[in-house]
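Subject: A structure for you to explore

Hi there,

Here is the structure I promised to pass on to you. Please open it next to this email and look for each residue as you read.

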Amino acid sequence: NRLKLKFEISKDVPTGRTPLLEKTILQLKQEKYQIVSEIETGISFNDDKDPLSKIRGLTSKLYEGNFQIFEDAELTRIKLTFFVPCHMFLIFFLAIILISVITDLSDLVMDGVLTIFFIIEIFSQKSIATNLIEQIG
């Protein structure tokens, strides 16, 4: 998971592991995520939509992540770990800096705009993750 920012959120739920796992799988399928792997304690998934739409930041789903379910005698906790890729941001950021150095430093404003868009994408991904875990739990 190189060049990706990692985020985690969790929620305590009143249901057991098996029903929670089933509900998680159902929710991921309803939202058209690709389930990459399933084990007794978790699920890995990704959004298998067109890679170009991800580059342009036109996604309304998480790029990839995994759910882990922890259970003890008193509670069940679901943890969602999701990743926000930053490689395209870095490529564009460095390209703009290079162009700015070669031409004119006024192009550095574009780096600021690009950074703002990336921050918005991070908050958007966090919101999507929060909604997803709320729907499951």
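Predicted model: local features only at pLDDT ≥ 70, side-chain atom pairs only at ≥ 80, totals over all residues.

Residues are numbered from 1 along each chain as its sequence is written, and side-chain values use heavy atoms, with hydrogens and water left out.

**The layout**

The protein chain has four helices and five strands. Both are DSSP runs numbered from the N terminus: helices are H or I with at least four residues, and strands are E with at least two. Along the sequence, the pattern reads β-α-β-β-α-β-β-α-α.

The five strands make an open sheet with antiparallel pairing, in the order S1-S5-S4-S3-S2. Two strands pair if DSSP finds at least two bridges between them. S1 and S2 are the edge strands with a single partner each, so one side of each has no neighbour in the sheet. From one strand to the next, the twist averages 15 degrees (axes are lines fitted to C-alpha atoms, for helices over the stretch in contact, and angles run from 0 to 180 degrees between N-to-C directions).

Inside the sheet, S3 pairs with strand S4 (residues 64-71) in the antiparallel sense over five bridges.

Of the 137 residues of the chain, 34% count as buried. Buried means under 20% relative accessible area, exposed means over 50%, and partly exposed is in between (1.4 Å probe, protein chains only).

**The aromatic rings**

How many aromatic pairs does a search of the whole structure find? There are three. Rings of Phe, Tyr and Trp (its six-membered ring) pair if their centres lie within 6.5 Å; planes under 30 degrees apart count as stacked, over 60 as edge-to-face and the rest as tilted.

One of the pairs is Phe-7 with Phe-82, which is stacked, at 5.5 Å centre to centre and 25 degrees between the planes. This pair links distant parts of the chain, with Phe-7 in strand S1 (residues 4-13) and Phe-82 in strand S5 (residues 76-85), 75 residues apart. Phe-7 counts as buried because its relative accessibility is 18%, and Phe-82 is buried at 1%.

Tyr-33 and Phe-45 are edge-to-face, because their planes stand at 75 degrees, with the ring centres 5.0 Å apart. Tyr-33 lies in the loop between helix H1 (17-30) and strand S2 (34-39), while Phe-45 is in strand S3 (residues 42-46), twelve residues apart. Both Tyr-33 and Phe-45 are buried, and together with Phe-67 they form one aromatic cluster.

Tyr-33 has a charge over its ring too: the charged end of Lys-61 sits 4.8 Å from the ring centre (this needs NZ of Lys or CZ of Arg within 6 Å of the ring centre and within 35 degrees of the ring normal).

Look at Lys-32, in the loop between H1 and S2. Most residues other than glycine have a negative phi. Lys-32 is not a glycine, yet has a positive phi of about 60 degrees. At 62% relative accessibility, Lys-32 is exposed.

Enjoy exploring!

Best wishes
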